[in-house]
Amino acid sequence: MSLFPPGCSEEDIEKVYLEAHQETKIGFTNSGNYFAPNLKSINHLEVGTSKVINSFFVRAVEYLLTIYQRFLSWLKRKYHGLFPRKEHIIGHAKNAYITGRLTFAKRTDYATPIHHVPLELWARTRWGAWRLFAKGETDKNGVFKLEFDYILSRRWRYSSFHFEIYQIQHVFFDQNDRKADVRLELFERIKIPKGDLTGLGYDLGNLQLFLWEYRDDTMLPRVVIKDHEEDAPEYYSEGRNNAIQQQFVPIQLTKDKHIIQIKKDKAHISILDIQKDYPKNLTVAMEEKLKYSTRCDYWFGRRMMNGMNSATFVPDAEEPERYWVRYFGACDYEVNDEYAFPTVEIKFHIAPDKLPVPERIIITGPVSIYDKSPFQTRTFTASDGESWEHAKRVVRVTGALSTELDDHFAGTHGNTEQFAIAARRNLRKSPLTTLLFPHLKEVALINHAADTILIGPGYIPRASALTSDGIEQRVTDMMGTLDWKNWEPMEIINSRHTYAQAENLFWEVVEEFVDSFFEQNEGGIIKEWYEVFKFSEDLVNNSVPAFHERKKGELLSPEEQEFENKRVEYYHARFRFDPELPRRVINGVKKSVSPITENPEEPTIEDWENLKQACKYIIMQATFMHTWVNEHQYEDIGEILYSSLGLRFGSRPEGVFLPESDYSISPDLTRATQMMWFSNLLSRTEYGFITRNEENDIDPLFAEILERRRPDFKALYVEIDNIESRTNI
Ligand SMILES: [Fe+2]
């Protein structure tokens, strides 16, 4: 076993990579939409060869459903067209008013006022027409007073009155003059019988709104979604739904077909059959062209550095040109008995302007059913022959699960949601809505879906060592290593470190964009500083505990202490978390996220810089950082035997150190098809890209700056048209 396949060189692998990448990359149309939004395109998607996918019945049902949905939308538009709403206020006198106060609704939140909420008072005529009587908003205390013309309101023609509460639905930009606008949507309508408006003042009392409420059943800052179809704080855009629907159906059907086959006769279906039914991924295509090209040490180092994991290489304390990558496995989280999840540490040699070459692998933790002691250790070197190959696979698998949970789910999905909730609860009049909302939309919805499909009772607890409680605890811990303050892009090791170069380049794009936005919107942001203050308060107060203090006060054994220290140190480097910053302590718990401002009236110079940095961080995480890990799932965990989210202990004394041909440790058939479904679905249904700007919600300046750097990104293997504007899959 060697650095390259026998008789091959670096050039041979790079050639095979470029060809396979071209062959397997996910295609886009040029229409501006991700896949044409009609059913016909399903036939053109590369989603395997299953007969079920191509069945006429499926296509016919899909087609009828689309027609029906379009008919319903048409009907709705026609109905609203019959009763247009004119936006001008009728009546001149302001001699009557309705008043009241808006607060959040949750038991622990009902005393919190909701500021700057857009409000309207409408009358309905006896023939159904709408007339606007007053417009206004709540003040800082959530109090409102809408004045209207009393005499006019008493006229016979008006039969009822309606108090309406709005929230921002969409931000969109005029692509020529860069002017941003917001579209409001009705959040709640309260009918006021005409008979009640007899006095000059009418008090609606304290209205409690269930608006972007934090969940109480988890330590994570998550929003309550009672029903994602009918009672969600936001909804997917139509384009997002189309992209999901069109890609989801064939992938789902392929998986369902396998499940039926497994149930009926599992002797006649194998992991290889399952693999073949899904589209070819990068590693499968490379192996077809050149055997061992993806299992060799060269590819191992290349992908650890520049693949989905984009690992952090920490310099060795003593040896020059040596670096360590660490993936922490089960640790003290709840696990099942079926899968191994050891901690892995890999020592690499990185020569000047070369890719990392693995030299040693240290594996800590249970690897077979015979010994479950948590600190047992095995060491492998490149001269260990077959067992070195097995150890590399164990690293790939532990690395994949760690990356999924720590970097993908906690680092981008969970991280972005915490900003989305605080932003949607507090930003309304500030120009920051137009800067941030396009990048924060839909993340709460996709996280809600992930709770069921992937995390709660879903796929990951069945296909890996961690239970759903274990995942929840781990994600909470990982969020404790995330903070916007003092964050900076990854350090570039050398010219072959293309991932870090791309991350730095994108950070420069974000910096230029955000700096320009702040210059142009300085007055507006300062004028509505109170909103920033409240945004910051929600963010900090609802953030999880800082990770490095989680074992505070616990008596640890020397082994546990050493392990814990190593973990803390690595995560600080990985997530560029500054543990030295003073952080807010609430009920004895140190909060992970730093305040942007503690001044409700106006910013200090430091506050202003804080806000800029926080906005850059938010956009960076929701766009580039998420896109990277999400789109590369398909390449790095799209081949069942190459890497999965878990290797089973099996029953042999060797445990997980067995060849790929031994299916007793690989995912079983059901998990195998679920794994392919999972990685294909997530990587293939991306929608909402910065340069494609499908929904006119991207600031043209952002796309323009990115466009200028197109060749630079291309040289780093990054296609800018594939960078998503938001975390929504
Ligand atoms: Fe994702």
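Trainee: Where is asparagine 696 found, and why is asparagine 696 called partly exposed?
Mentor: In this predicted model, asparagine 696 sits in the loop between α19 (669-684) and α20 (700-708). Its relative accessible area is 39%; buried requires under 20% and exposed over 50%, so asparagine 696 is partly exposed.

Trainee: What makes lysine 441 and glutamate 695 a salt bridge?
Mentor: Their closest N and O atoms are 3.0 Å apart, and the criterion is a separation within 4 Å, so the pair is a salt bridge. The pair links distant parts of the chain: lysine 441 is in the loop between α9 (432-440) and α10 (443-455), glutamate 695 is in the loop between α19 and α20, and 254 residues separate them.

Trainee: Why do lysine 441 and glutamate 695 count as buried?
Mentor: The limit is under 20% relative accessible area. Lysine 441 has 8% and is therefore buried; glutamate 695, at 19%, also counts as buried.

Trainee: How do you know that arginine 425 and aspartate 109 form a salt bridge?
Mentor: The closest N and O atoms of arginine 425 and aspartate 109 are 2.9 Å apart, and the limit is 4 Å. This pair, too, links distant parts of the chain, with arginine 425 in helix α8 and aspartate 109 in the loop between β2 (96-104) and β3 (118-125), 316 residues apart. Both arginine 425 and aspartate 109 are buried.

Trainee: Threonine 108 is in that loop between β2 and β3 as well. Is threonine 108 buried or exposed?
Mentor: Exposed: its relative accessibility is 53%, and the term applies over 50%. Threonine 108 and arginine 77 are 31 residues apart in sequence, and their C-alpha atoms are 40 Å apart in space.

Trainee: Which residues are the protein donors of the iron ion, and how do you know?
Mentor: The donors are His408 (NE2), His413 (NE2), His626 (NE2), Asn630 (OD1) and Ile729 (O), at 2.1 to 2.6 Å from the iron ion. The cut-off for a donor is 2.8 Å, so these atoms qualify. In sequence, the spacing of the donor residues is H-x4-H-x212-H-x3-N-x98-I. Among them, histidine 408 in helix α8 (residues 386-426) and asparagine 630 in helix α17 (residues 605-631) link distant parts of the chain, being 222 residues apart.

Trainee: Why are histidine 408 and asparagine 630 called buried?
Mentor: Histidine 408 has a relative accessible area of 4% and asparagine 630 has 0%. Buried means under 20%, so the label holds for histidine 408 and for asparagine 630.

Trainee: What places the largest nonpolar core between two domains?
Mentor: Of the 188 residues in this core, Phe163, Phe506 and Phe518 touch the most other members. Helix α8 gives the most to the core, with 15 residues. Domain 1 (85-211) and domain 2 (406-550 + 569-638 + 687-722) both give residues, so the core lies between them.

Trainee: Which residues make the nonpolar surface patch of about 510 Å²?
Mentor: Tyr68, Phe71, Leu72, Trp74 and Leu75 make the patch. Tryptophan 74 is found in helix α2 (residues 56-82). A patch residue needs over 30% relative accessible area; tryptophan 74, with 42%, is partly exposed.

Technical notes:
Residues are numbered from 1 along each chain as its sequence is written. This is a predicted model: local features need pLDDT of at least 70, side-chain atom pairs count only at pLDDT 80 or more; totals for chains, interfaces and linings use all residues. Side-chain values use heavy atoms; hydrogens and water are left out. Donors are N, O and S atoms within 2.8 Å of the metal (3.2 Å for Na, K and Ca); water is not among the atoms, so sites may look incomplete. Helices (H or I, at least four residues) and strands (E, at least two) are DSSP runs, numbered from the N terminus. Buried means under 20% relative accessible area, exposed over 50%, partly exposed in between (1.4 Å probe, protein chains only). Patches are made of residues with over 30% relative accessible area and no salt bridge: like charges are joined within 9 Å, nonpolar side chains (Val, Leu, Ile, Met, Phe, Trp, Tyr) within 5 Å. Accessible areas come from the Shrake-Rupley method with a 1.4 Å probe; for residues, only the protein chains shown count as cover. A salt bridge is a side-chain nitrogen of Lys or Arg within 4 Å of a carboxyl oxygen of Asp or Glu. A nonpolar core is a set of buried Ala, Val, Leu, Ile, Met, Phe, Trp, Tyr and Cys residues joined through side-chain atoms within 4.5 Å. Domain bounds come from an automatic or database domain assignment.
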